[in-house]
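This report describes selected local features of one protein model. The sequence and the structure are shown first, and the description follows.

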Amino acid sequence: MMNAVTRAYVRASGLKATGAAVNAVAARQAHTDLQVPDFSPYRRDSVKDARRRNETAEERKAFSYMLVGAGAVGAAYAAKGLVNTFVGSMSASADVLAMAKIEIKLADIAEGKSVTFKWRGKPLFIRHRTPAEIETERNVPTSALRDPETDDQRVIKPQWLVVIGVCTHLGCVPIANSGDFGGYYCPCHGSHYDASGRIRKGPAPLNLEVPTHVFPDEGTLIVG
C-alpha cells in the first residue's frame, strides 16, 4: 500500500501507481541506494573481526597508561610553575627585605652603654659591656638560672650583647642598666635581667631573645 507521501509523488510526476514505481519511490525514500564507505583499509587488523580475540589489548592499555602518565607529569609541572609564581608574588619585596636587616656602627656606642634601635617593629638593645660585666656574667652558674644559658652561648663577641628589648613575660620594654643585677628591669611586673639578658628574678619565664647577628668587621654589626 502507498502512503500519503508516495501517492503525492506519483500524482505530481504523472506516474501510474504500479508496484514497480511504488517500490522505486519507497526505496529512494529509505535511502537504501546509498553506498556505505569501506573503512577497512584504515582499521587495525586486530579489530576487523569482532569475533576475534584482540591480542594487542594489553599493548594498547600500556600505551593508554603511558599517555595518562605523561599527561599527569605535565599537569604536575604546570601546577608547580603556577604555585611558584603565586608564592613568589606573595613574598616580600626588595625594600621590605632591606628593612629586615639593620646595620649598626659600633664605634658610636661607648663602653658600658646600652643603645636602643628599632628593628622589625621591635626595640633592639645593643650593649657595649665592660670587662667587669663580662667577668661577672661568665661566673654565674647555670644552676642558679631559670632559663639556663651560659654567657658564651648568648654572645658572639664578649663585649657586645645583642638582645630584643621585649620582656618575655607580657611583652613590656625593659629599662637598660637597671634592676638588681645591673642589666635590664621590666617596670610592668618587676622582672630583672642580668647583663647577659638572662632572667634572674620576677615572673618572666625566659631570657631575652638573642636575634641572628654577625660582625662583618670590627666596627660593624648586622642584625637579621
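Where is the place of Asn177? In this predicted model, Asn177 sits in the loop between β5 (175-176) and β6 (182-186). Its phi is near 55 degrees, a positive value in a residue other than glycine. Asn177 counts as partly exposed, at 41% relative accessibility.

A positive phi is also found at Arg120, which is not a glycine either; the value is about 55 degrees. Arg120 belongs to the loop between β2 (114-119) and β3 (122-128). Its relative accessible area is 54%, so Arg120 is classed as exposed.

**Accessibility of individual residues**

| Residue | Relative accessible area | Class |
|---|---|---|
| Arg120 | 54% | exposed |
| Val87 | 49% | partly exposed |
| Asn177 | 41% | partly exposed |
| Lys157 | 17% | buried |

Val87 is part of helix α3 (residues 57-90). Together with Val83, Phe86 and Met90, Val87 forms a nonpolar patch on the surface, and the accessible area of these four residues is about 420 Å² in total. With a relative accessible area of 49%, Val87 is itself partly exposed.

The largest nonpolar core has 13 residues, of which Ile104, Leu106, Leu124, Ile126, Leu221 and Val223 touch the most other members. At least two residues of this core come from each of β1 (102-105), β3, β4 (160-164) and β10 (220-223). Strand β4 supplies the largest share, 3 residues.

Which residues does Leu124 contact, leaving aside its neighbours within four places in sequence? They are Ile102, Ile104, Val115, Thr116, Phe117, Trp119, Val162, Val163, Gly165, Pro211 and Val223.

Lys157 lies in the loop between α6 (151-154) and β4. Is this lysine buried or exposed? Lys157 counts as buried because its relative accessibility is 17%, and the cut-off for that class is under 20%. The side chain of Lys157 makes a polar contact of 3.3 Å with the side chain of Glu218. Beyond its neighbours within four places in sequence, Lys157 is in contact with Phe215, Asp217 and Glu218.

Methods
Residues are numbered from 1 along each chain as its sequence is written. This is a predicted model: local features need pLDDT of at least 70, side-chain atom pairs count only at pLDDT 80 or more; totals for chains, interfaces and linings use all residues. Side-chain values use heavy atoms; hydrogens and water are left out. Helices (H or I, at least four residues) and strands (E, at least two) are DSSP runs, numbered from the N terminus. Buried means under 20% relative accessible area, exposed over 50%, partly exposed in between (1.4 Å probe, protein chains only). Patches are made of residues with over 30% relative accessible area and no salt bridge: like charges are joined within 9 Å, nonpolar side chains (Val, Leu, Ile, Met, Phe, Trp, Tyr) within 5 Å. Accessible areas come from the Shrake-Rupley method with a 1.4 Å probe; for residues, only the protein chains shown count as cover. A salt bridge is a side-chain nitrogen of Lys or Arg within 4 Å of a carboxyl oxygen of Asp or Glu. A nonpolar core is a set of buried Ala, Val, Leu, Ile, Met, Phe, Trp, Tyr and Cys residues joined through side-chain atoms within 4.5 Å. Contact means heavy atoms within 4.5 Å. A polar contact is a pair of N or O atoms within 3.5 Å; within protein, one must be able to donate a hydrogen and the other to accept it, and residues adjacent in sequence count only if both atoms are side-chain atoms.
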